[in-house]
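Welcome! Here are some notes to read alongside the model, written for someone meeting it for the first time.

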Amino acid sequence: MQDWGDASNWIARFAGWTAPSVRAPWKRYGASLAFAALLLLLRGFLAPILGDRLPYFLLYAAVFFASWYGGLRPAILVFLTGGCVATYLWVPPFRDFHAGTPADWMELVTYILVSLFILGLGEAYRRALDDDE
């Protein structure tokens, strides 16, 4: 029987996951930005249904993926660029970097706080894997 080691990392080992620091930088940044662009495109297709509500909700997945696959710096890049694009396109007044109403500000603050939490968890997980090896 194969030894999977620590139970908390068996999924990563089973999937053949490697730490972000092992991957080439262009792969880490490219995959992270491509996934974020895909989710922003999906949010654009959902615009007739959602309107100006929930501009950031798909970006949580993009930040999580970037943190897991790319590491801290690609995740920060996705967090910043995704937030700017979503604010520019789906927060009124549209095509402007201005969040007007208190509800818009709360959505932005929630996006920032949750994304920072995801970034922190991803970095802590990466460092735990590096310490384990």
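1. **The overall picture.** Please keep in mind that this is a predicted model. Of its 133 residues, 34% count as buried. Looking at contacts between residues at least 6 apart in sequence, 66% join residues at least 24 apart.

2. **How α2 meets α4.** The crossing is right-handed. On the α2 side the contact uses Lys27, Arg28, Ala31, Ser32, Phe35, Ala36, Leu39 and Leu40; α4 brings Leu59, Ala61, Ala62, Phe65, Ala66, Tyr69 and Gly70. By class, these residues are eleven nonpolar, two polar and two charged.

3. **How α2 meets α5.** Helix α2 also packs with α5, and here the axes come within 10 Å and cross at roughly 25 degrees. Angles under 35 degrees count as roughly parallel, and α2 and α5 are therefore roughly parallel to each other. This crossing is right-handed too. From α2 come Arg28, Tyr29, Ser32, Leu33, Ala36, Leu40, Arg43 and Gly44, and they meet Arg73, Pro74, Leu77, Val78, Thr81, Gly82, Val85 and Trp90 of α5. This contact has nine nonpolar, four polar and three charged residues.

4. **A closer look at α4.** Which residues of α4 are buried? They are Leu59, Ala62, Val63, Ala66, Ser67, Tyr69 and Gly70. An α-helix has 3.6 residues a turn, so residues three or four places apart point the same way. As for length, the twelve residues of α4 should span 16 Å at 1.5 Å a residue, and the end C-alpha atoms are 15 Å apart, which agrees. Just after the helix, Gly71 takes a positive phi of about 105 degrees.

5. **A closer look at α5.** Helix α5 (residues 72-90) has 19 residues, which at 1.5 Å each should span 27 Å; its end C-alpha atoms are 26 Å apart, in agreement. The buried residues in α5 are Pro74, Ala75, Val78, Phe79, Gly82, Gly83, Ala86, Thr87 and Trp90.

6. Most residues other than glycine have a negative phi, and most peptide bonds are trans. Leu54 has a positive phi of about 55 degrees although it is not a glycine. You will find Leu54 in the loop between α3 (47-50) and α4, and its 43% relative accessibility makes it partly exposed. The other position is Pro93, in the loop between α5 and α6 (102-132). The peptide bond from Pro92 to Pro93 is cis, with omega near -5 degrees. Pro93 counts as partly exposed, with 39% relative accessibility. How far apart are Pro93 and Asp52 in space, C-alpha to C-alpha? The distance is 9.6 Å, although Pro93 and Asp52 are 41 residues apart in sequence.

Methods. Residues are numbered from 1 along each chain as its sequence is written. This is a predicted model: local features need pLDDT of at least 70, side-chain atom pairs count only at pLDDT 80 or more; totals for chains, interfaces and linings use all residues. Side-chain values use heavy atoms; hydrogens and water are left out. A crossing is left-handed if the near helix is turned anticlockwise from the far one by less than a right angle, and right-handed if clockwise. Helices (H or I, at least four residues) and strands (E, at least two) are DSSP runs, numbered from the N terminus. Contact means heavy atoms within 4.5 Å. Ala, Val, Leu, Ile, Met, Phe, Trp, Tyr, Cys and Pro count as nonpolar, Asp, Glu, Lys and Arg as charged, and the others, Gly among them, as polar. The expected span of a helix is 1.5 Å times one less than its number of residues. Buried means under 20% relative accessible area, exposed over 50%, partly exposed in between (1.4 Å probe, protein chains only). Axes are lines fitted to C-alpha atoms, for helices over the stretch in contact, and angles run from 0 to 180 degrees between N-to-C directions. Angles under 35 degrees count as roughly parallel, over 145 as roughly antiparallel, 65 to 115 as roughly perpendicular and the rest as oblique.
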